[in-house]
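Visitor: I have a structure open and would like to learn how to read it. Could you take me through some features, one at a time?

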Amino acid sequence: MSIYNLIVVIGGLAFFLFGMDVLSSALKKVAGNRLETTLQKMTDYPIKGLIFGAIITIAMQSSSALTVMLVGLVNSGIMSLTQTVGVIMGSNIGTTLTAWILSLSGIQTDNFLLAMLKPENFSPILALIGVCMIMVAKDQKKKDLGTVMVGFAVLMHGMEMMSDALSPLAEVPQFVNVLTAFRNPFFGVIIGMLFTAIIQSSAASVGVLQALSITGQITYGVALPIIMGQNIGTCVTALLSTIGVNKNAKRVSVIHISFNLFGTVIGLIVYFILNYIFQIKILDDAISPFAIAGFHSIFNVATTLLLLPFSKQLVFIAERVIKDGEKEEIFLDKRLMMSPAVAAAECRRKTADILRISTDGFTGAISLLEQYTDKKIDEVKNMEQKVDDMMEACYTFLIQLSSIELSDTEGEIIADLLHGIGDMERISDYSLNVMAIIKKINRENFKHKETLQELLYPINQEMIEMFNQINEVYEKKNLNGAKEVMIKTEELVTAIKKLKKDDLKMLRKGKVEAEASVYLSDYLSVARRVTEHCQNIAESIH
């Protein structure tokens, strides 16, 4: 094997990793809303979390990426620590699909149809179709599907490059001598763990092992411990992602490491016991890519089924390793951007919180007309400041999210949210305007407070009802409810105009003092603007 073969191996690994990254990114975009829907249906039952983890890992083609996303979800308070256990276990099962696809390379047949099952035979066709879809298709979903095909073809090309470059190793005595050192299972586990940690992908690590197995020099005794170690190595990505997160999020990586560590320890114990009792002869036989995929799946499924009943114990271990401290709250975690659909959905949930606090603040402000206290004034100010902080964080997150590659649907959601949070912030800002007007009305020497209270009472009640409706329909994305809110806002604007017009007539006739009329007019102007902002928010619901 020459230096040129080594260069080809490195290049093949680069193609493999790049293809996997392209494939993963495109699959996440294609999965898009389905990923969000599956997340929303998650419950506290580990078995459902397990199914979810397997499905999403297949969609994302990366168990490490899913675990990093879980860290972000827990860090943002979207998921509980208990919910992540089943998902982590399921991700270990989902990640085995790549190995099965790669194992098809070992098919040897003269039958045309069977030969076309080999990835290296059909991937060029997929690449051609994918490129045509990217260049010709106008629909973004079709372009994303084309990118999936191209990513898969690049991945398989990298695998083929590695296989071809490594095949001469079968004739190199030094290579065979090195492999004898791997017969020590502990050393095999360490090699698998370190190599996977370096490239940060267990699927890619298994793929390299499958490429090496084509030389015919990799035995079962060498391969099995390496596969066990690969499961530990894949935890490194999640471990690195916990830098700067809260304690609960750090526990996600502890659960991930504990699960894979216990699985590997149990696997090694079974390996030693069976080999000691039965002196398994197959351990000296050459392993095939298909057998690697089979053992990878059997090992991951077996450890999952064995440890699933101990989900609570894994959480207990994580809580003991990372002990409780002060509670830290993260508004939006950047790790969510690994899945734009989930990130956009969480942004919308946060904007629902912003809307609720904005309307609560304005409701608190108008209640000062009836009961003017320092405590209520402080509450309104605090809510307005909280909205400002939340809005700034959400706006920054949305801008960063919009800078990455998004589907058309995700782009529309983000655009609507960017406009919507502006309306929500203005509602909150107007609570301070109303508070300033009411402060003038509540001064000791003002004689028309009761009159203004009586005139504004119906308007205030209508606004409170409007706030309740807009919060409910926005949170549930209720299109019919949004239409009802729009009708409500139009009626309220009409009522405000009428009251303002009647007040002007009374002022001209001298039936109301100018000062009271000015306060009423200012109050109604603010009420109308707030109503129009609610109308804009209702229009954005779709």
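Guide: Let's begin with helices: here helices (H or I, at least four residues) and strands (E, at least two) are DSSP runs, numbered from the N terminus. Bear in mind that this is a predicted model, where local features need pLDDT of at least 70, side-chain atom pairs count only at pLDDT 80 or more, and totals for chains, interfaces and linings use all residues. Residues are numbered from 1 along each chain as its sequence is written, and side-chain values use heavy atoms, with hydrogens and water left out.

Visitor: Where do Glu346 and Arg349 lie?

Guide: Both are in helix H17 (residues 340–366), 3 residues apart, which is about one turn of the helix.

Visitor: How do the side chains of Glu346 and Arg349 meet?

Guide: The general idea is that side chains of opposite charge can pair when their charged atoms come close. A salt bridge here is a side-chain nitrogen of Lys or Arg within 4 Å of a carboxyl oxygen of Asp or Glu. Glu346 and Arg349 form one at 2.9 Å, N to O. Glu346 also has a salt bridge to Lys350, at 3.6 Å, N to O. Lys350 and Glu346 are 4 residues apart in H17, so about one helical turn separates them. Put together, Glu346, Arg349 and Lys350 are linked in a network of salt bridges.

Visitor: Is Glu346 buried or exposed?

Guide: Buried means under 20% relative accessible area, exposed over 50%, and partly exposed in between (1.4 Å probe, protein chains only). Glu346 counts as buried because its relative accessibility is 4%. Lys350 is buried as well, while Arg349, at 31%, counts as partly exposed.

Visitor: How many salt bridges are there by this rule?

Guide: The count comes to 10. Another of them joins Asp429 and Arg426, at 3.1 Å, N to O. These two are 3 residues apart in helix H19 (residues 408–441), so about one helical turn lies between them. Asp429 is buried at 16%, and Arg426 is partly exposed at 33%.

Visitor: What about helix H3: how many of its residues are buried?

Guide: In H3 (residues 63–75), 13 of the 13 residues are buried, so the helix is largely enclosed by the rest of the structure. To judge its length, take the expected span, which is 1.5 Å times one less than the number of residues. H3 reaches 18 Å from its first C-alpha to its last, close to the 18 Å expected. Just after H3, Gly77 takes a positive phi of about 80°.

Visitor: How many disulfides are there?

Guide: A disulfide is a covalent bond between the sulfur atoms of two cysteines. The cut-off used here is a pair of cysteine sulfur atoms within 2.5 Å, and the count comes to 0. Cys394, for one, is in no disulfide, as the nearest cysteine sulfur, that of Cys347, is 4.7 Å away. Cys394 is buried, with a relative accessible area of 0%.

Visitor: At what angle do helices H20 and H22 pack?

Guide: Two packed helices are described by the angle between their axes and the distance between the axes. Axes are lines fitted to C-alpha atoms, for helices over the stretch in contact, and angles run from 0 to 180 degrees between N-to-C directions. H20 (residues 449–476) and H22 (residues 514–539) pack at about 15°, with their axes 11 Å apart. Angles under 35 degrees count as roughly parallel, over 145 as roughly antiparallel, 65 to 115 as roughly perpendicular and the rest as oblique, so H20 and H22 are roughly parallel to each other.
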